[in-house]
Amino acid sequence: MDESARRRQRLAAELGKALDDGALEIAYHPQVTPRGRQIEAVEALVRWRHPKLGLIAPDVFIPIAEEGELIDRIGLYVLERACADARRWPTVATSVNLSAAQLRRDGLVESYIAAVKAGGCDPAMIELEITESVLLEHTERNTRALERLKAAGFSLALDDFGTGHTSLNYLRRFPLDKIKIDRSYVAALEAGGSE
């Protein structure tokens with residue numbers, strides 16, 4: 001257990017250095033129109049290519065980042081890079097993930113508004129994606145933050161709907177613009193399942 005904790009501390013320190021050096025990469029996952037003829041949106045995904053360990057999966061380093069304040073820095077880093085690229089693609093929406101850990105932090109809304117303005121990007125060009133866990137932690141703070149982000153011009157999307165325990169009726173409480181249904185849920189529907 002001590003070795004695991006030491007490894008996590010080491011990775012956290014190296015992740016902080018990678019952020020300082022601008023060494024994290026952004027990969028864009030396209031979202032195409034139903035007939036697949038045109039890209040209508042892209043999702044900005046952070047990647048960490050460690051100089052010795054190679055590509056480290058986000059499901060490894062994001063939880064480490066969420067334990068401390070690195071998640072805030074990563075979120076702003078991705079948002080700033082996404083804004084720079086979104087200016088080159090004005091007809092394509094750019095989405096950025098927003099974690100529950102980030103929403104719990106004071107100053108998130110102000111820092112996101114400032115980052116978009118500094119990047120010369122209109123908030124309407126940025127879609128912030130949240131997961132069901134954010135909604136299940138239905139704290140007044142989360143709701144207020146989402147409402148303020150929406151009022152600032154960001155669009156809000158719920159990612160991977162169908163993996164948690166949220167009902168469509170429950171979703172009406174939040175200022176969402178889009179619901180992205182998880183592929184496992186869609187596959188079960190296509191197979192005639194009732195999962």
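**Before you start**

The model is predicted, so local features need pLDDT of at least 70 and side-chain atom pairs count only at pLDDT 80 or more, while totals for chains, interfaces and linings use all residues. Residues are numbered from 1 along each chain as its sequence is written, and side-chain values use heavy atoms, with hydrogens and water left out.

**The whole chain**

Begin with a cartoon view. The chain has nine helices and seven strands; these are DSSP runs, helices being H or I with at least four residues and strands E with at least two, numbered from the N terminus. Of the 195 residues, 40% are buried. Here buried means under 20% relative accessible area, exposed means over 50%, and partly exposed is in between, using a 1.4 Å probe and protein chains only. Take the contacts with a separation of 6 or more: residues 24 or more positions apart account for 65% of them. A contact is a pair with heavy atoms within 4.5 Å.

**Stop 1: two aromatic pairs**

A search of the whole structure finds two aromatic pairs. Rings of Phe, Tyr and Trp (its six-membered ring) pair if their centres lie within 6.5 Å; planes under 30 degrees apart count as stacked, over 60 as edge-to-face and the rest as tilted.

Select Tyr28 and Trp89. Their ring centres are 5.0 Å apart and the planes stand at 90 degrees, so this pair is edge-to-face. Tyr28 is in strand β1 (residues 24–32) and Trp89 in the loop between α3 (70–86) and β4 (93–97), so the pair ties together parts that are 61 residues apart in sequence. Tyr28 is partly exposed at 23% relative accessibility, and Trp89 is partly exposed at 26%.

Now select Trp48 and Phe61. With ring centres 5.7 Å apart and planes at 85 degrees, this pair is edge-to-face. Trp48 belongs to strand β2 (residues 39–50) and Phe61 to helix α2 (residues 58–67), so the pair ties together parts 13 residues apart in sequence. Trp48 and Phe61 are both buried.

**Stop 2: the largest pocket**

Select Pro58, Ile62, Glu66, Asn97 and Ser99. Of the 27 residues that line the largest pocket, these lie nearest its centre. A pocket, on a 1 Å grid over the protein atoms alone, is an open set of points where a 1.4 Å probe fits, with protein on both sides within 12 Å along at least five of seven lines; lining residues have an atom within 4 Å of a point. About 580 Å³ of space lies in this pocket, the volume being the space filled by probe spheres set on the points, which are joined across faces, edges and corners.

Which elements each supply at least two residues of the lining? They are β2, α2, α3, β4, α4 (100–103), β5 (126–131), α6 (132–136) and β6 (155–161). Colour the lining by class and you will find 14 nonpolar, six polar and seven charged residues. Ala, Val, Leu, Ile, Met, Phe, Trp, Tyr, Cys and Pro count as nonpolar, Asp, Glu, Lys and Arg as charged, and the others, Gly among them, as polar.

**Stop 3: Ile71 and Ala101**

Ile71 sits in helix α3 and is buried, at 4% relative accessible area. Leaving aside neighbours within four places in sequence, Ile71 is in contact with Ile62, Ala65, Glu66, Ser99, Ala101, Gln102 and Arg105.

Move on to Ala101, in helix α4, which is buried at 3%. Not counting residues up to four places away in sequence, Ala101 touches Glu66 and Ile71.

**Stop 4: Cys83 and Cys121**

Cys83 is in helix α3, and Cys121 is in the loop between α5 (108–118) and β5. Cys83 is buried at 1% relative accessibility, and Cys121 is buried at 7%. Beyond residues up to four places away in sequence, Cys83 touches Val116, Cys121 and Ile126.

**Last stop: the nonpolar core**

Select Leu24, Ile74, Ile126, Leu128 and Leu149. These have the most contacts inside the largest nonpolar core, which has 46 residues. The largest share of this core, nine residues, comes from α3. A nonpolar core is a set of buried Ala, Val, Leu, Ile, Met, Phe, Trp, Tyr and Cys residues joined through side-chain atoms within 4.5 Å. Finish on Leu149: leaving aside its neighbours within four places in sequence, its contacts include Leu98, Leu128 and Phe154.
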